[in-house]
Amino acid sequence: MAQEQWLKRHPELTATGSMLRRSPWHDYCAPCIYMITLVVEGRKPVLGALCGPDESHNEPWVKVSSIGLAVKEAWHELPQFHPQVRLLSLCIMPDHIHGILYVTERLPRHLGHVINGFKKGCRDRVQYSEAAPRTTELAPSNIQHFSLQWQRGYHDRILTHKGQLSTLFQYLDDNPRRLWLKRNRREYFTIMRGIEIAGKSYNVMGNLDILKHPFKCAVQCSRSLTDAQIDEACARFVTQAAAGTVLVSPCISAGEKAVAAMAMQLGYRLIVIMNNGFSPLEKPSQRFIDACYGGSVLFIAPLEHRPQSEKLSRSLCLELNDLARVVASM
C-alpha cells in the first residue's frame, strides 16, 4: 500500500526508461531481507565462465575466476564490518552477482553504505590478487590484470511476504542453467521488434512459428471462478491443447495462470499476451524458461515497457483479452 501511495504522488517516475534502483518508501536501515544484484561495468565476464553439464556436474555451472573468488571472499567478510548483517546466499555469474542478505538489527547507516564497502573490498582484493597471482587455473589469462569496476549503484529486491525466500534460493541456484539455455537457443530468447499481427506492430519473443499454427484458442477465465471451476477450466483447455490447439492467454486471472502452468508442465504450446513491454535485458520468468528453450511458447507485448509494476485496470484487462481473441482467430 505504501508503494502504491508513493507512486501516485510521483507519477512522473512511471514514465522513465529504467527500473528504479531504490524504493523511496522503504527504510533501508531497518531489519529486512534483501536480494542484491551487482553488475560488472560493461558486463565484462570477468567473474567466471559458464560451463555446460559434464562428468562432475549434472547441470550447467559457473567456473569462478580468481576475480570471482576475490568477490566471494569480500562477500563473506561483510559481517566482520557490519555485525547487523547475516549472509544467506551468493550466486556468482560471469558478469554479475546476486546475493541475499538479512539485516537482523537496525543499521547505523543506509544499506548503500554496506554495499559500497563491499564494492571497495572487492576492488582491494582484486588488486591484491593481481600483485600476488593465485596458483589456480581458474582465471582466464586475458583478465588477470583487470581492475574490477562495478556498475554504479545496485539493484535490490525487498522480501515482503512468506515464501519469497525459498523462491529466491531456487532462483539463484538455477541461474547458471537459465543462462546456458538462453545462450544455446538465442533465437527463442531474442526480442523481435515490429512484428505485424492482425495489421498492427508488436514486439515478441519466443518461437514465432507458433503464431502460424492453424488451430488456436483464447483462454479467458473470470476472476470469480471457484477452485473447482478453475480445475474444470484447466481440464477443458488442456484437452484442447493435447489435441494440438495452441492456447492464447493474457495469464491475468488465477484460472488463466493455472491453465498456462498446466499447459507448460505438459509441454503444450502457448502464446502469452504480456501485460507489460519488454525491458532492455528481458528474459522469461522462472516459470517460462524451459518452455521458451523448448520452443513451445511465444510472448507478445502490446505495450511499451513500464518501469514500475502497476495494478492492472479493467480497461487494460479487456484490451489484453481482446488481443488474445484476435490472435486466436488468425
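Analyst: Two strands are said to pair if DSSP finds at least two bridges between them. Strands (E, at least two residues) and helices (H or I, at least four) are themselves DSSP runs, numbered from the N terminus. This is a predicted model, in which local features need pLDDT of at least 70 and side-chain atom pairs count only at pLDDT 80 or more, while totals for chains, interfaces and linings use all residues. Residues are numbered from 1 along each chain as its sequence is written, and side-chain values use heavy atoms, with hydrogens and water left out.

The part examined here is the sheet that contains β8. Six strands form this open sheet, in the order β7-β8-β12-β11-β10-β9, with mixed pairing. Its edge strands are β7 (192–197) and β9 (216–218), each of which pairs on one side only. From one strand to the next the twist averages 30°; axes are lines fitted to C-alpha atoms, for helices over the stretch in contact, and angles run from 0 to 180 degrees between N-to-C directions.

β7 and β8 are antiparallel and share 4 bridges. Within this pairing, I195 stands opposite Y202 of β8. The hairpin of β7 and β8 has 2 residues between the strands, and A198 takes a positive phi near 55° there. β8 (residues 200–206) is also joined to β12 (residues 297–301), again by 4 bridges and in the antiparallel sense. Here N203 has A301 of β12 as its bridge partner.

Helix α10 (residues 314–329) lies across β7, β8, β9, β10 (246–249), β11 (270–273) and β12, and runs at about 160° to β9.

The loop between β8 and β9 holds N207. N207 is buried, with a relative accessible area of 11%; buried means under 20%, exposed over 50% and partly exposed in between, for a 1.4 Å probe and protein chains only. Its side chain reaches the backbone nitrogen of D209 at 3.1 Å and the backbone oxygen of G295 at 2.8 Å. Leaving aside neighbours within four places in sequence, N207 is in contact (heavy atoms within 4.5 Å) with Y188, G295, V297 and L298.

For context, another open sheet has 4 strands in the order β4-β5-β1-β6, with antiparallel pairing. β4 (85–92) and β6 (155–158) have a single partner strand each, so one side of each is left without a neighbour in that sheet. Its twist averages 20° from one strand to the next. β1 (residues 32–39) and β5 (residues 96–103) pair over 8 bridges in the antiparallel sense, and T37 has H98 of β5 as its bridge partner.

Finally, confidence: pLDDT, the predictor's confidence in each residue from 0 to 100, averages 83 over the protein chain, and 86% of the residues score at least 70. It stays under 50 over residues 10–21 and is below 50 over residues 131–145. Where pLDDT is low, the predicted coordinates should not be read in detail.

Methods
Polar contact = N/O pair within 3.5 Å; in protein donor to acceptor, adjacent residues only side chain to side chain.
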